[in-house]
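These are my notebook entries on a structure that I looked through piece by piece. I wrote down each thing I looked up, together with the terms needed to read it.

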Amino acid sequence: MTEAPERYVGGGVPRKEDPALVTGEAKWTDNIKLPDMVYVAFLRSPLAHAKITHLDVSAALEQPGVVAAFTGEDLAGEWGPEGGEAERGPGYALLPEEERPEVPETEVIEESPAGEESAQAETFSFCVWPVTEGGLPVTEDMKTPTHWPVARGEVNFMGEAVAVVVATDRYKAQDALEFIEVDYEPLDVVVDMESALEENSPLVHEDIGTNVCYSLGLENGDVDDAFNRADVTVKERYIQPRLIPNAIEPRAVVANRDPEHGEYVLYSATQVPHIAKFVLSLSVGIPEQQLRVVAPDVGGGFGSKLNVYAEEAIALALTRRLGVPVKWNEDRSENYQATIHGRGQIQDIELAATNEGKILGMRVKLLADMGGYLQLLTPGIPVLGAFMYPGVYTFDAYSCEITGVFTNLTPTDAYRGAGRPEATYAIERIMDALARELNMDPTEVRRKNFYEPFDEPTDTPAGIQYDSMNMQAALDRVLELGDYEGLREEQRRRRENNEPVQLGIGFSTYTEICGIAPSQVNAQLGLGGGGWEYANVRFLPSGKVEVGTGTSPHGQGHETSWSQIAADALGITPDDIEVLHGDTAVVPLGRDTYGSRSLAVGGIAVHLACEKVIDKAKKIAAHMLEAAEDDIEFEGGQFSVVGSPDQNVTIQDVSQAAYLAGDLPEDMEPGLNENFTYDPPNFTFPFGAHVCVVEVDTETGKIELRAYYGVDDCGPVINPVIVDGQLHGGLAQGIAQALYEEAIYDEDGTLATASMVDYMIPGAPELPNYTLERTVTPSPSNPLGVKGVGEAGTIGSPPAVINAVVDALEPFGVKHIDMPASPMKVWKAIQNAQGRQAEAKEYDASLQDRAADVRQEGGDE
Ligand code: MCN
């Protein structure tokens with residue numbers, strides 16, 4: 001047994017996960033090969049909104065290697081809790097060509113035949129967050145469109161699956177798609193949220209009769225009165241472009257039926273095996289106890305794999321129907337069209353304040369793009385943000401109205417930060433606008449409104465309670481780090497000299513809500529799932545330990561962090577611990593990984609399960625040492641009698657005794673194996689202060705990120721190396737949103753940024769070296785005092801970057817630039833602010849002409 005030093009928590013223990021990841025030993029879903037496995041490819045709609053008037057897969061069936069092909073109608077009996085009970089037609093997997101049945105042409109579907117056959121589900125959706133049933137104050141009924149895994153009769157976004165081909169290899173399946181006959185009748189397309197709400201707008205879902213998915217309002221205090229009393233008000237409109245998540249590993253699925261036990265097994269590159277098991281059992285009609293979901297190594301998710309997708313349901317239905325293992329790998333174009341998108345909001349925000357810069361009230365109106373259907377959490381994402389618009393500022397009156405809007409675009413859902421980057425961006429941008437209005441330094445107006453430091457739950461304008469905060473310390477330190485005075489001095493010099501490259505200094509002082517937990521709040525918000533987390537800690541007879549966790553890491557390093565927590569609690573070394581996760585047969589209970597919840601909920605469950613183990617072990621140790629339990633102390637993996645340190649047993653001795661079970665205290669169960677299901681009393685609220693320094697070339701619009709300083713506070717740190725990594729990745733994504741990334745659609749709902757060539761993901765050369773420090777303000781909500789960190793960088797950084805760009809351009813009168821702040825936008829903003837709109841327009845027109853020429857040249861070739 002390796003000797004345990006004093007403590008591992010807080011130390012930079014190397015990540016246990018990395019050797020496998022960097023030596024090609026990781027187990028990706030795509031590495032799974034099973035006998036007789038067949039491969040799925042999807043025909044996807046090229047149109048954003050259309051009726052399917054003709055669909056015939058029979059020619060695809062004749063192609064080499066193809067074993068089956070289905071339309072949405074063919075699979076209609078597969079969905080819902082009774083799925084699979086309906087008449088499913090012949091199973092023709094792997095039959096020689098001559099024995100394959102004729103597949104009839106699918107008729108035009110005027111009206112869904114659902115309901116005519118009792119076993120067919122009449123409606124279907126993956127959404128589990130009906131936000132309006134949760135008792136929030138002002139709501140209208142949420143509309144949930146029927147969302148078949150394979151379209152039936154109509155498509156509602158570009159990339160929606162229209163037909164499925166199954167073949168003996170992936171490429172044959174892909175090739176056969178070309179032989180599917182499909183005709184569409186295009187329908188009017190809804191792309192823009194504001195137009196969608198106009199009276200005569202075309203409807204995304206004719207049967208729903210409106211493009212409003214839901215509207216919801218929160219109000220605390222007398223907002224009108226605050227605005228009446230205000231010396232100054234500022235009002236801004238911010239656009240949150242849609243973002244496309246780009247995990248290194250696209251989605252991947254293998255479904256199989258265990259021939260011996262009849263159990264279905266789904267391997268999926270998912271963040272949420274436990275949630276997927278529950279939702280898929282209801283979606284496909286496989287009893288929950290007969291479904292096992294495994295998340296092997298997962299190459300990132302950033303929220304996009306916090307979902308239950310049609311392709312997972314289809315793979316299960318196909319393996320049930322065909323009797324062979326089924327595999328699907330998403331390609332990058334499918335990733336761009338059929339995996340959820342993030343953000344997609346229009347924010348109108350107003351502040352009422354005194355001449356001294358004290359905020360009196362805030363109004364927010366939010367339009368949130370749902371896309372063509374509701375995915376798992378789509379309607380809830382803006383609601384998460386609604387609680388965070390007040391940010392790190394205390395004031396009395398706040399209201400927020402959200403309208404969820406259907407469009408014919410890819411559904412939106414959780415993307416790193418999920419609602420909170422949007423909220424933080426709005427409040428941190430408008431704080432700068434208020435500072436400008438009052439001619440105050442942006443740090444001063446922030447300080448005027450900070451909470452006094454606190455370490456007990458404290459009410460916020462949005463009606464929740466922050467756990468602990470000390471913004472002053474974080475801001476003071478980040479100003480020192482960046483040499484704020486020195487930066488302002490340099491800025492003054494450059495301005496005075498009219499230098500073409502100007503310096504900008506941008507701030508963001510942020511907090512965010514890490515969860516999703518506790519369960520009672522989830523229930524109040526209408527979310528169909530608890531916020532607890534489960535852990536199992538068991539000593540094995542040899543004295544080694546297995547820790548089972550319901551979290552499902554996909555890059556966050558839980559194997560390392562949880563080992564550190566358990567090692568300290570049990571007095572052993574991380575090397576003697578194996579962390580098990582991501583398989584519902586190995587860890588049956590769990591709520592998975594998202595919302596920067598894993599440490600503050602799942603890590604705490606591990607800690608508390610360890611304490612239960614120690615409690616029991618202490619009883620056994622007392623019995624072994626023939627002492628009273630109260631006289632036993634535990635330290636460094638050893639139980640000893642108080643005052644007689646020589647009378648001792650190690651925890652491994654105790655473990656052995658627990659399993660030998662020859663001489664245990666009376667009525668004690670053998671073994672040393674404890675579970676803990678932890679449901680926290682509150683969320684955790686990490687916070688921090690960021691400063692971004694940019695150099696903007698005012699002649700070309702080019703932005704250079706010169707430096708980025710951050711002082712973040714996520715409470716005590718379990719592993720500083722992992723926390724730095726989380727912050728670096730998060731900052732990169734926030735900077736990407738501010739400067740580079742945007743999903744662009746044309747007026748027909750066609751995704752123009754449909755590949756990595758067109759969608760600009762920054763690489764290392766575009767990103768600065770970060771200078772990061774931490775303050776430590778423990779959370780009173782959990783015994784380790786920890787807060788989450790997985791999204792903090794993404795939430796804090798976009799406003800710091802844009803505030804810096806706008807600050808650089810202050811001498812030109814520029815007050816706002818939309819994200820992403822491309823050189824073109826920056827250059828145009830300067831022209832417009834200088835009254836040179838004509839030049840900007842002229843340049844625009846010349847670009848349009850050039851684009852037309854290029855298209856023409858392309859067409860001529
Ligand atoms: N940690 C720590 N001390 C703290 C806080 C956190 O040592 N005080 C460590 C934790 O022990 C854990 C890691 O930091 O190892 C992240 O913990 P936490 O903040 O609880 O976040 P989660 O583990 O729940 O991860 C979810 C979060 C989210 S929501 C997204 S999105 C995201 C992210 O994590 N996606 C990621 N980080 C990612 N990192 C990678 N590599 N890939 C993704 O897809």
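In which loop does Pro820 lie? I found Pro820 in the loop between α19 (792-808) and α20 (823-833), where helices (H or I, at least four residues) and strands (E, at least two) are DSSP runs, numbered from the N terminus. The peptide bond from Met819 to Pro820 is cis, and its omega is near -10 degrees. As background I noted that most peptide bonds are trans and that most residues other than glycine have a negative phi.

Before going on I recorded that this is a predicted model, in which local features need pLDDT of at least 70 and side-chain atom pairs count only at pLDDT 80 or more, while totals for chains, interfaces and linings use all residues. Residues are numbered from 1 along each chain as its sequence is written, and side-chain values use heavy atoms, with hydrogens and water left out.

**Entry on positive phi angles**

I looked up Asn439, which is not a glycine and yet has a positive phi of about 55 degrees. Asn439 sits in the loop between α10 (420-438) and α11 (442-449), and it counts as exposed because its relative accessibility is 73%. For this term I wrote down that buried means under 20% relative accessible area, exposed over 50%, and partly exposed in between, with a 1.4 Å probe and protein chains only.

Asn498 is not a glycine either, and its positive phi is about 50 degrees. I located Asn498 in the loop between α13 (484-496) and β19, and with a relative accessible area of 66% Asn498 is exposed.

**Entry on α10 and α11**

At what angle do α10 and α11 pack? The angle is about 110 degrees, and the axes are 8 Å apart; axes are lines fitted to C-alpha atoms, for helices over the stretch in contact, and angles run from 0 to 180 degrees between N-to-C directions. That makes α10 roughly perpendicular to α11, since angles under 35 degrees count as roughly parallel, over 145 as roughly antiparallel, 65 to 115 as roughly perpendicular and the rest as oblique.

The contact (heavy atoms within 4.5 Å) is made by Glu428, Met431, Asp432, Leu434 and Ala435 of α10 with Pro442, Val445, Arg446 and Asn449 of α11. These residues divide into five nonpolar, one polar and three charged, where Ala, Val, Leu, Ile, Met, Phe, Trp, Tyr, Cys and Pro count as nonpolar, Asp, Glu, Lys and Arg as charged, and the others, Gly among them, as polar.

**Entry on α15 and α16**

I then turned to helix α15 (residues 558-570), which packs with α16 at an angle of about 30 degrees, their axes being 9 Å apart. The two helices, α15 and α16, are therefore roughly parallel to each other. Among the residues that meet here are Trp562 and Ile565 in α15 and Gly602, Gly603 and Val606 in α16. The residues of this contact of α15 with α16 comprise 10 nonpolar, five polar and no charged.

**Entry on the three-stranded sheet**

I looked up an open sheet of three strands, which has the order β23-β24-β25 with antiparallel pairing; two strands pair if DSSP finds at least two bridges between them. Because β23 (632-635) and β25 (644-650) stand at the edges with a single partner strand each, one side of each is left without a neighbour in the sheet. Neighbouring strands of this sheet are turned by 35 degrees against each other on average, direction ignored.

Helix α16 (residues 598-625) packs on the sheet and touches β23, β24 and β25, its direction making about 45 degrees with that of β24. Helix α17 (residues 651-660) also packs on the sheet, touching β23, β24 and β25, and its direction makes about 50 degrees with that of β25.

How many of the residues of strand β19 are buried? I noted that 10 of the 11 residues of β19 (residues 501-511) are buried, and that 10 of the 11 residues of β27 are buried too. β19 pairs with strand β27 (residues 687-697) in the antiparallel sense over 11 bridges, with Ser508 opposite His690 in β27.

On to the next strand, 10 bridges join β27 to strand β28 (residues 703-713), and these two run antiparallel. Glu704 in β28 is the bridge partner of Glu695. The hairpin of β27 and β28 has five residues between the strands, and there Gly701 takes a positive phi near 85 degrees.
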